[in-house]
Amino acid sequence: MNHVHREPDFENIRKVLRCQKPDRPTLFEFFMNPAVYEEAAGPMPTDPDPVVQLAYMVKAYAACGYDYANAYGCDLGFPTGETTHKDTISLNAHSLIQSWEDFEAYPWPDAKNADYSRLEKIKAYLPPKMKLMTAGPGGLLENVISIVGYDTLCLMLYDDPELVKAIFDRVGGILLDYYENCAQYDTVGILMINDDWGFNTQTMLSVADMRKYVFPWHKKMVEAAHNAGKLAVLHSCGYMVDIMEDIIEDMKYDGRHSYEDNIIPVEEAYRRWGGRIAVLGGMDVDFLIRSDEEAIKARARNMLALSEEKGGYALGSGNSIPYYIPNEKYFAMTSVVAE
């Protein structure tokens, strides 16, 4: 096994997210996959207890060289009906809310009274200097699309903008409750606010509609993090160039994750915005699949060299490590931080 052996120290990723230079090259990943976890930390537990599962993730992230572990604060979710296929996800699979009657009848989850106890109980399993990064149960725009359907939402923006606003505000309020609860725990260091916003060439809604319905709630979630002394990271796929100023200046995110070479390579993103917002990951998933280990290592080294003086960068994939990326390619990328 060639994964990185070192003691987790949250101070490294904290420095990255403050656009400073960490004490050593630092890794960032949203999530990997069971094959990676098992190579690093042994067989996954079969016990469904959330604390047992989270303790395993802590062990796996630490074994892979991260200073934090990804976690979900509770078992919150927005009901969307049955999905009959898994390999691809249709943006129009469900349309549970098409009217005010549907809005009232929808079984809205209660984030205020959910069970967050795992975030306290995990203390016994966390290395002394490690913290959690709590991700959300999908994002604001993602959940609205999964409840309403993308086509229906686009039509509703014209037919009933008040209903659109009510749906966004209801989902946004629930997610804000979730993140405010997560932020109260000492074990949590980062709020990962994950919400896919774009296609390859544009945002899913017009920039004006993003600013009207989506961004105000993200601003509140970032404030919830900062008010509790935590850091806020945006994970969002798709085209971002037109809204980076909103992300940096208005929402005030500490870091942004998810980069694709065919939209804007991470090297270019770092040259444009590095120093104003932390740039996280960026080794394009397609690049990781198609390239050999030496090419992966070379690009990873170059990215660390590019950011060496200015800081504010952590090495990782452009999105996540899906099962179809061979373990050896993932470990080739992460191994360069130990050089």
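Which residue lies over the face of Tyr259? Arg256 does, at 4.6 Å from the ring centre. A charge sits over a ring if NZ of Lys or CZ of Arg is within 6 Å of the ring centre and within 35 degrees of the ring normal. Lys220 also has its charged end over a ring, that of Trp217, 4.2 Å from the centre.

This is a predicted model, where local features need pLDDT of at least 70, side-chain atom pairs count only at pLDDT 80 or more, and totals for chains, interfaces and linings use all residues. Residues are numbered from 1 along each chain as its sequence is written, and side-chain values use heavy atoms, with hydrogens and water left out.

Now the ring-to-ring contacts. The whole structure holds 17 aromatic pairs. Rings of Phe, Tyr and Trp (its six-membered ring) pair if their centres lie within 6.5 Å; planes under 30 degrees apart are stacked, over 60 edge-to-face, and the rest tilted. Tyr66 and Tyr68 pair edge-to-face, 5.9 Å centre to centre with 70° between the planes. Both are buried (under 20% relative accessible area; exposed is over 50%, partly exposed in between; 1.4 Å probe, protein chains only). Tyr66 and Tyr68 belong to one aromatic cluster with Phe28, Tyr37 and Tyr61.

Tyr150 and Phe199 make another edge-to-face pair, at 5.9 Å and 80° between the planes. This pair links distant parts of the chain, 49 residues apart. Tyr150 is in helix H7 (residues 150-159). Phe199 is in the loop between strand E3 (188-194) and helix H9 (207-227). Helices (H or I, at least four residues) and strands (E, at least two) are DSSP runs, numbered from the N terminus. Tyr150 counts as buried because its relative accessibility is 13%. Phe199 is at 30%, so it counts as partly exposed.
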